[in-house]
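Please look over the fold as a whole before turning to its details.

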Amino acid sequence: MPLTGVAQEQTVGLVLSGGGAKGVAHIGVIRALEENHVPISYVAGTSMGAIIGGLYAAGYSPHEMDSLINSEDFLRWAKGIIEEEYTYIYMQEQENPAWITLDLAIDSAGRKPLLPTNLVETFHMDFAFMQIFTPATALSRGCFDNLFVPFRCIASDIQNNQAVVLDSGNLGTAIRASMSFPFYFKPVEIDGKLMLDGGMYNNFPADVMLETFQPHMIIGSMAADEYGDADMGDIISQVQTIMMERTQYDVICESSVLIEPQVPRLGLTDFSKSSELIDSGYEAAINSLKEIRMFLVDSISPQKVKEKRQAYRSKMPPLIFNRINISGLQDNEAQYVRSVLFHETDTIGVEQIKKDYFRVLADDRIAYIFPEAEYHQPSGYYHLNLHIIKDKSIEVKFGGTVSSSPINEAFLQGKYRFFGRRASSVWLNTYIGRFYSSVGAAGRVDFPGKTPFYLMAGTFYNQWDFFKTSTAFFEDKTPSYLIKNDFHNKVMFGMPMTDQVKVEAGISLGILNNKYYQTNQFTRKDTVDETTFNNQNMFFYFEQNTLNRRQFPSTGNRITLEIKHFRGTEFFVPGTTFPGYREQEKAHQWVEASLRYEKYEPVTPWLNLGYQGDLFLSNRALFSNHTSTLLMSKAYAPLPEIKTIFLRKFRAHNYLAGGVKGMVSLRDNLEFRNELYGFQPIREIRSHGETKTAFFGDWFDRRYFLASSRLIFHSPIGPISVYLNYYQGHEDPLGYGLNIGYIFFNRHTLD
């Protein structure tokens, strides 16, 4: 009922509902209340309401919350994306066409496989919550009554099937627990109990506000929809129906007002309409002011709130660390992690800690890290507590390529990981397909420390079978005109120069065997020409990489430099179609250098441009005939499909090449991509028609172009693309089709 008298120091409790992305409307509500002199004495929230309420309680202004929610950082946290500056390519394995990765595990009783517990990786979010909320936790000494505004949030204790009111401890951890939607985000452990989203039992904690703080009036902001019926095709709706109790969105005292912003139906983490939602919350609060003033007389000016906020935040101790504690690992495993985190200084700033955190996460032996910072009053510094869960010992990947052209393949890889003071792994993979088949095995030992490095050894067998046939997957082959076989053993050393830069060096011993016809006029009685090249290869490789995808990237850049020295012997055995029957043996030795630069950057919110340049130089000599010379030359393959076609015009011993790319974002994960490339052989490799021997053409006399248009859907298992390519100078210049998955192969000797 309306007030008839003025109470001294009226108190106002603000209750913020859950609602996923829709909950950002609460920011507009808070902004309207502050601008119109409405005091906020206490705040309580659930899920997204806990995030907004917690930010306010930690001393964030509505403007700062608006900027944070609409930032690229926040979108990355919600989607589990790690920005390029925190990628660590040193630990990344060779690119492969895997769709799905499974870590084989059984529970402690050994009875059943364990499945993943979350769809979105929370690594970035966990660190961000630690960074944002830790100073307020330190200043309040873990008591939520001592925050800028006293605060409560709700989580769900899934072991005891009940709501839990969180009023103390680590503020970031409490909020992270409150918004951990089941199966979407990983649960959080508090006091030995697993906590999930508070909306499971109480999505609008008006009762908690009344019982805990007993304010003179309650203002509620409701930005959640009542859950509808479960949808056969929507797993989130099914989870909501099973696990979320129905909530009554009303306030339970007479002196109360419920604000209901107009919110659209949005996905849980769809923050594309955040600005509109904030405006909606602001408008709804403005429309409720008259009703609020029926119960509330007290006022506080925005300037006074600003001064109090500044005074509060000025007392927060800066986030500087002098100790890192590790739990969850055995002593030798923890020693390995400490070696990765090696520091010469006694104190560490938050940015360096963040780099260290993601560096540890890049190791595939680490499944999860939950960071918490603890302030130590005597020293004035923080301790960083890392609770680490190591990954399972066995990793299995499977995937491949499904295509309308005859390049379909299946991929399977198994890896066993060893974890101790040093970390090592062994793996075996296989590709099975009509066009490409391979078996590879390798082992790697990592040596952490001030200057980390690794040693790796592997053996590989590859076969490419180029042929003309229909696109029917099971149709019999016609006779092949070119089969490439590669067998090599490799030993290499690698180390990082920075988080995004690595160098590798090693030696390879290999046998290349190519069987081919140099004419399409042959019968089944004819025998092929055969060239074998027994070789050894010393190599050096440099890579700087911040690309956002392993195929079809749209942001970041990449620089690669590779220098190789080859020496070996060529053996040529002519077939029945070759104009001469003399076998040949020839020694070869050459040095080559390959440099590539590619960069992608946004031009508008929906348009990205990319640039790519290549330079390849070598003193490689001609081989015994034209085809064998082309087979031993460097192929220019900026498009995935070129790796599956023998394009004679795009092979050379020395060349310059470059291209431009335009990527138009049609909607999330759907992209229209156009690419144009030019290829300039320094001296083209040509053929004497009668003798079929090779010779070099004139300097820079011919050049060729590639073009591509494709529609790409970046699915959870990999890209799905419909493409149209143009290859100038090729017998069939137009290539078109559908590819599902990645086109990658094990590296061969000449790569």
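Contact here means heavy atoms within 4.5 Å. This is a predicted model, in which local features need pLDDT of at least 70 and side-chain atom pairs count only at pLDDT 80 or more, while totals for chains, interfaces and linings use all residues. Residues are numbered from 1 along each chain as its sequence is written, and side-chain values use heavy atoms, with hydrogens and water left out.

Apart from neighbours within four places in sequence, isoleucine 69 is in contact with Val24, Ile27, Met48, Ile52, Phe74, Phe271 and Ser274. Isoleucine 278 lies 209 residues from isoleucine 69 in sequence, yet their C-alpha atoms are 10.0 Å apart in space.

Helix H3 (residues 62–69) packs against helix H2 (residues 48–57) at an angle of about 135°, and their axes are 9 Å apart; the axes are lines fitted to C-alpha atoms over the stretch in contact, and angles run from 0 to 180 degrees between N-to-C directions. H2 is therefore oblique to H3, given that angles under 35 degrees count as roughly parallel, over 145 as roughly antiparallel, 65 to 115 as roughly perpendicular and the rest as oblique. Met48, Ile52, Leu55 and Tyr56 in H2 meet Met65, Leu68 and Ile69 in H3. By class, this contact of H2 with H3 has seven nonpolar residues, no polar and no charged ones; Ala, Val, Leu, Ile, Met, Phe, Trp, Tyr, Cys and Pro count as nonpolar, Asp, Glu, Lys and Arg as charged, and the others, Gly among them, as polar.

A second pair is formed by helix H5 (residues 123–140) and helix H13 (residues 350–361), which pack at an angle of about 155° with their axes 11 Å apart. H5 and H13 are therefore roughly antiparallel to each other. Among the residues making the contact are Phe123 and Asp126 of H5 and Glu351 and Lys354 of H13, and the residues of this contact divide into seven nonpolar, two polar and three charged.

Overall, the secondary structure of the protein comes to 14 helices and 33 strands, and buried residues make up 54% of its 751 residues. The C-alpha trace spans about 115 × 50 × 50 Å along its principal axes.

Conventions. Helix = DSSP H or I, 4+ residues; strand = E, 2+ residues; numbered from the N terminus. Buried < 20%, exposed > 50% of the residue type's maximum accessible area, 1.4 Å probe, protein only.
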